[in-house]
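Hello,

Here is the structure I promised to pass on to you. Please have a look at it first, and then read my notes below.

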Amino acid sequence: MDNKNLWLILTIIAFITFLASIFMSYKTGKTEYAWIVGSMLFGIGCGDKYSKVKNK
């Protein structure tokens, strides 16, 4: 597996985690800020790495 594909897969997983954390917060009525912020930062970091590797 290419490094580029790894970062793309991690970005997609982070996005799915982000959506799941918002859905869990909606269903339970308790906002899970740590999951939302953590998945956002992880997704942004992975997306940035993917962009840098893709443009090389």
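**Ser39 and the helix pair**

Ser39 lies in helix H2; helices here are DSSP runs of H or I with at least four residues, while strands are runs of E with at least two, and both are numbered from the N terminus. Ser39 is buried, at a relative accessible area of 8%, where buried means under 20%, exposed over 50% and partly exposed in between, with a 1.4 Å probe and protein chains only.

Before going on, a word on the source: this is a predicted model, in which local features need pLDDT of at least 70 and side-chain atom pairs count only at pLDDT 80 or more, while totals for chains, interfaces and linings use all residues. Residues are numbered from 1 along each chain as its sequence is written, and side-chain values use heavy atoms, with hydrogens and water left out.

Which residues does Ser39 touch, leaving aside its neighbours within four places in sequence? They are Ala14, Thr17, Phe18 and Ser21, with contact meaning heavy atoms within 4.5 Å.

Gly38, found in helix H2, is partly exposed at 33%. Tyr33 also lies in H2 and is exposed, with a relative accessible area of 59%.

**How H1 and H2 pack**

The axes of H1 (residues 3–28) and H2 (residues 33–54) come within 8 Å and cross at roughly 160°. That makes H1 roughly antiparallel to H2; angles over 145 degrees count as such, under 35 as roughly parallel, 65 to 115 as roughly perpendicular and the rest as oblique. The axes are lines fitted to C-alpha atoms over the stretch in contact, with angles from 0 to 180 degrees between N-to-C directions.

On the H1 side, the contact includes Trp7, Ala14 and Phe18, and on the H2 side Trp35, Met40 and Tyr50 are among the residues involved. The contact residues divide into 13 nonpolar, seven polar and three charged.

**H1 itself**

H1 has 26 residues and reaches 37 Å from its first C-alpha to its last, close to the 38 Å expected at 1.5 Å a residue, the expected span being 1.5 Å times one less than the number of residues. Its buried residues are Ala14, Phe18, Ser21 and Ser25, and what covers them includes H2. Just after H1, Gly29 takes a positive phi of about 85°.

Best wishes

Technical notes. Ala, Val, Leu, Ile, Met, Phe, Trp, Tyr, Cys and Pro count as nonpolar, Asp, Glu, Lys and Arg as charged, and the others, Gly among them, as polar.
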